[in-house]
Amino acid sequence: MSEKEQCVKLIAKPENMLKTIYTACKTCYSAKLPAEIYDEAPDEETMLNLIERVISSGHYSTIEHIQLTFAISHVSRACTHQLVRHRHMSFSQKSQRYVKEKGEIDYIVPSAIKNNKDALEIFENYMKEASDAYQKLVECGIKGEDARAVLPNAISSSIVASLNLRELIHLANLRLCTRAQGEIRSMVKKMCDEVLKTEPWLKKHLVPKCERLGFCDEDKSCGRMPTK
């Protein structure tokens with residue numbers, strides 16, 4: 001059983017995110033060369049004013065130049081299966097084919113199960129059975145690529161994920177919603193927090209979509225915003 005805390009670390013980002021976005025925005029409306037715009041970039045407030053106007057107008061291509069890379073660990077395969085469904089992202093994940101599990105498998109317990117004594121007992125008994133089955137298959141000479149068939153979605157995994165800023169905002173808008181599954185919601189919140197450490201101006205963008213729209217467009221609302 002995994003008692004390790006979900007770990008999310010931002011390991012790569014542009015050296016000067018604001019200047020890069022500002023250059024992209026200004027290039028669309030200036031006769032100057034992009035290199036000149038970058039070298040002559042004004043103060044942060046002036047850059048932010050232009051960037052906010054451009055983003056609010058829906059000109060999102062200007063923030064696609066910002067590539068971010070995260071190192072993520074102690075998350076379940078169920079969580080990463082949700083993450084890899086997002087478009088315009090790149091992934092490198094711990095392989096269940098080449099990395100054999102040794103001893104009792106490391107797994108993530110969903111909070112809903114962790115807080116229910118009876119459910120937790122059922123869950124942990126099943127995890128032990130799955131772990132035992134995997135080890136017995138390996139002892140029988142079965143390769144990891146086939147023995148992994150008995151591994152559950154709860155098994156702990158690690159993944160490196162890269163995406164541009166536009167996609168991060170989209171990811172946050174969907175996965176920070178209260179209707180998102182708890183584990184991925186927590187993971188995406190940590191991704192956003194990592195970025196906000198150095199780019200606090202993005203705080204109003206890295207929010208549930210209802211905060212950006214001013215209403216909820218889900219079939220079932222949590223009641224936080226009026227529905228539409």
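**Entry 1: helix α6**

I started with K128 and D132, whose side chains meet in a salt bridge at 3.0 Å, N to O. I count a salt bridge when a side-chain nitrogen of Lys or Arg is within 4 Å of a carboxyl oxygen of Asp or Glu. The model is predicted, so I took local features only at pLDDT of at least 70 and side-chain atom pairs only at pLDDT 80 or more, while totals for chains, interfaces and linings use all residues. Residues are numbered from 1 along each chain as its sequence is written, and side-chain values use heavy atoms, with hydrogens and water left out.

Both K128 and D132 lie in helix α6, residues 117–139, four residues apart, about one turn of the helix. Helices here are DSSP runs of H or I with at least four residues, strands are runs of E with at least two, and both are numbered from the N terminus. D132 is partly exposed, at 31% relative accessibility. My classes are buried under 20% relative accessible area, exposed over 50%, and partly exposed in between, with a 1.4 Å probe and protein chains only.

I then checked the length of α6. Its 23 residues reach 33 Å from first C-alpha to last, close to the 33 Å expected at 1.5 Å a residue. The expected span is 1.5 Å times one less than the number of residues.

Next I listed the buried residues of α6: L120, F123, M127, A130, S131, Y134 and Q135. They pack against α5 (111–114) and α7 (144–147); contact means heavy atoms within 4.5 Å.

N116 caps the N-terminal end of α6, with a side-chain oxygen 3.2 Å from the backbone nitrogen of D118. After α6 comes G141, with a positive phi near 95°.

**Entry 2: other salt bridges**

I found 14 salt bridges in the structure. One of them joins the side chains of R166 and E64, at 2.6 Å, N to O. R166 sits in helix α8 and E64 in the loop between α3 (44–56) and β2, so this pair ties together parts 102 residues apart in sequence. R166 is partly exposed at 36% relative accessible area. E64 is also partly exposed, at 35%.

R179 forms a salt bridge with E218, their closest N and O atoms being 2.9 Å apart. R179 lies in the loop between α8 and α9, and E218 in the segment after α10 (209–213), so the pair ties together parts 39 residues apart in sequence. R179 is partly exposed at 44%; E218 is partly exposed at 26%.

**Entry 3: helix α9**

I compared the span of α9, residues 182–196, with expectation. Its 15 residues should span 21 Å at 1.5 Å a residue, and the end C-alpha atoms are 21 Å apart, which agrees. Its buried residues are E183, I184, M187, V188, M191, C192, E194 and V195. These pack against β1 (7–12), β2 (67–76), α4 (77–83), β4 (156–164) and α8 (165–175).

I looked up the second largest pocket, whose volume is about 160 Å³. A pocket is an open set of points on a 1 Å grid over the protein atoms alone, where a 1.4 Å probe fits, with protein on both sides within 12 Å along at least five of seven lines; lining residues have an atom within 4 Å of a point. The volume is the space filled by probe spheres set on the points, which are joined across faces, edges and corners. The lining is I55, Y60, I63, R166, E167, I169, H170, N173 and R212. α8 gives the most, with five residues.

Methods:
A polar contact is a pair of N or O atoms within 3.5 Å; within protein, one must be able to donate a hydrogen and the other to accept it, and residues adjacent in sequence count only if both atoms are side-chain atoms.
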